[in-house]
Amino acid sequence: MADKDQLIIESGEAAQPFKYAVGMPGSKFFAETRDNKRLMGEKCPKCGRVYVPPRGICGKCYVKMDEWVEVGPLGVIGTFTILRFAFIDPETGHQKPVPYGYGFIKLDGADTLYQHYINIEDESKIKIGARVEPVWAENRKGTTRDIEYFRVID
Amino acid sequence: MAKRVAIVGTGQTFHKSHRPDVNGQEIINEAVQRALADADLKIKDIDAIVIGNMDHFEGINYVDCWSVDGSGGVMKPVIKITTGGTTGASLAIGGNHMVGSGMFEKVLVIGWEKNSESDTTGAITTAFDPIWDRQVFAGAISGLAAEAQGYMARYGASDRDGARVSVRDRKHAMNNPHAQLRKEVTLEEVLASPMLADPIHLLDVCPRTDGACAVIMASEDVAEKICPKPDWIWKTAARHSYAYLGDADYGRLVSMERCAKEIFQKVGIKEPRKEIDVIEMYQPYSFAGLIWIEDMGIVGPGEAPGYIWDGNTDMGGELPVNPSGGVISCNPIGATGLIRCAEAAMQVMGKAEGRQVPDVNFAVSTGFGGCWWTDMLLHGKKKPN
């Protein structure tokens, strides 16, 4: 092993873009956040669970869902963490700004948790069960970024 | 024709953070050669190969294809299994199914990873939903931190309780020459190490590792001819939950509970705490050492911290957990679940050397994946009925 430079070959700067289908339930959800600042879930006709994000099928009951119900926009922190270590965000290729609040939000009327940023200006308020509201983006395009983040309102 | 299945040989690399001296097939070959030597078999004796890793870590797919010079798969049936973090345990369950079906007599099971070849957090992110999960996601650690928060809020556990588990596993690793991190840590060191994602400190969580593991499984027709005291696979279980990360119950691992109930009920284990002699758990961070032994039914909800502090899971305790040092000491991800299986097998076979637990009758090994999946195997000294 005289020349250690020959041990590793780098893959270079090549990029591979993808195109992901959101599906019809997700598309409706995003149309509502974009046009009406409303959060919508889908309700299972069998077990009654309300799913956010919506997904067309209740995996537990394995039945189709087509009943829409409005959820939130208020909710509570179901669980959370505060990310403090720097890492490369594969979605952007750049270092993710840290620290940031990672919330699993239990929106009023929903049975699942919705993942989003939590404002951590006052870390002492970030607790499981804390009441939160969404802060809507001015320019909404029909993505998860239509909400900028959630903030504690207690 | 269904056959009983035994593990008759195991092999591992000496796991390290970086192995630039070997490529994928070479690191695989190191583990395979050791497993063949352990079972005193030649590659020509092997009827089929099951191999896997999390192939997005290296960005090279088709390990079943390109690894054959190293794996020994030239002109043999080779199948790939890849199920995220559970890959290694799913490989073991897949090998068990292949031999148990009666279609193959001797199967070589291989799990491997070279985490040094890419960015682990970036690669893990590609396993999650691009629309709903990735915006806030920060690799494996963010979900684990959310689980720990949920557990602490529910049961009043502290970060000192978590740290105690790290201290245990890092101490155990001192007995395992294959482990990557072989340096003891103190409670104070764990709690003073950088906070990565509340409440997880650097020393609460697994490292990134290059390594490989191979296990040879044989049917009851030949197992005891190959190995006088093989490790019999009594039962396996697997449970997959979750579509999106927000669907999980943060603070309880339901998939672990279901796997344990299925296995213990089928085998007739009523008091797992007394009837199981050792556990090799896929425990990627310290708090899982508390939460998941409760879900496994070893102790009741909220009882794990007391059980751990009393030394019950230390070497020499009532039920030693992770004599190998576990995942906190070593994590070549696609191999990790299979290493748990191999370590449990070594305990049953009496081959665990410096980390041997005396008189092991039953051992449990598990696999865990970031989507809150669990795989579980029950290993036993006696041939199952």
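Reader: In which loop of chain A does A:Pro73 lie?

Author: In this predicted model, A:Pro73 sits in the loop between strand E5 (67-71) and strand E6 (75-83) of chain A.

Reader: What makes the peptide bond from A:Gly72 to A:Pro73 cis?

Author: Its omega. The value is near 5°, and the bond is cis. Most peptide bonds are trans. A:Pro53 is in the loop between strand E2 (50-51) and strand E3 (57-58) of chain A.

Reader: Why is A:Tyr62 called exposed?

Author: A:Tyr62 has 9 of them within 10 Å, so it counts as exposed. Its phi is positive, about 55°, although it is not a glycine. A:Tyr62 belongs to the loop between E3 and strand E4 (63-64) of chain A.

Reader: What makes B:Trp372 buried?

Author: The cut-off for buried is 20 or more other C-beta atoms within 10 Å. B:Trp372 has 23, so it is buried. B:Trp372 lies in the loop between E10 and E11 of chain B. Its phi is also positive, near 65°, in a residue other than glycine. Most residues other than glycine have a negative phi.

Reader: How do you know which are the edge strands in the sheet of chain B?

Author: Start with the order. The open sheet has 9 strands, E3-E2-E4-E7-E1-E8-E11-E10-E9 in chain B, with mixed pairing. Strand E3 (78-80) and strand E9 (278-280) of chain B each pair on one side only, and they are the edges. Neighbouring strands are turned by 30° against each other on average, direction ignored.

Reader: What makes E9(B) a partner of strand E10 (residues 362-369) of chain B?

Author: Bridges. Two strands pair if there are at least two bridges between them. Here 3 bridges join E9(B) to E10(B), so the two strands count as paired. They run parallel. B:Val278 has B:Ala363 in E10(B) as its bridge partner.

Reader: Which strands does helix H4 (residues 87-100) of chain B lie across?

Author: H4(B) lies across E1, strand E2 (48-52), E4, E7, strand E8 (231-239), E10 and strand E11 (373-380) of chain B. The helix runs at about 170° to E4(B). Helix H1 (residues 24-39) of chain B lies across strand E1 (5-12), strand E4 (106-114) and strand E7 (210-219), at about 130° to E1(B).

Reader: How many residues of domain 1 of chain B are in contact with domain 2 of chain B?

Author: On the domain 1 side, 36 residues are in contact with 32 residues of domain 2 of chain B. E1, H4, E4 and E7 of chain B each supply at least two residues of that side of domain 1. H4(B) has the largest share, 8 residues. The C-alpha centres of the two domains lie 23 Å apart.

Reader: What makes helix H12 (residues 288-295) of chain B mostly covered?

Author: The count of buried residues: 8 of its 8. B:Trp292 and B:Glu294 are among them. The cover includes H6, helix H7 (159-173), helix H10 (254-267) and helix H13 (304-309) of chain B. Just after H12(B), B:Gly297 takes a positive phi of about 90°.

Reader: Which helix gives the most to the side of chain B that touches chain A?

Author: H6(B), with 6 residues. In total, 32 residues of chain B are in contact with 31 of chain A. Helix H5 (120-125), helix H6 (140-155) and strand E5 (195-197) of chain B each supply at least two residues of this side.

Reader: What ipTM does the predictor give the complex?

Author: The ipTM is 0.93, and the pTM is 0.96. Chain B averages a pLDDT of 96, and 100% of its residues score at least 70.

How values were computed: Residues are numbered from 1 along each chain as its sequence is written. Chains are lettered from A and ligands numbered from 1 in the order in which they are written. This is a predicted model: local features need pLDDT of at least 70, side-chain atom pairs count only at pLDDT 80 or more; totals for chains, interfaces and linings use all residues. Helices (H or I, at least four residues) and strands (E, at least two) are DSSP runs, numbered from the N terminus. Axes are lines fitted to C-alpha atoms, for helices over the stretch in contact, and angles run from 0 to 180 degrees between N-to-C directions. Two residues are in contact if their C-beta atoms, placed from the backbone, lie within 7 Å. pLDDT is the predictor's confidence in each residue, from 0 to 100. A residue is buried if 20 or more other C-beta atoms lie within 10 Å of its own, exposed if 12 or fewer, and partly exposed in between; C-beta atoms are placed from the backbone. Domain bounds come from an automatic or database domain assignment.
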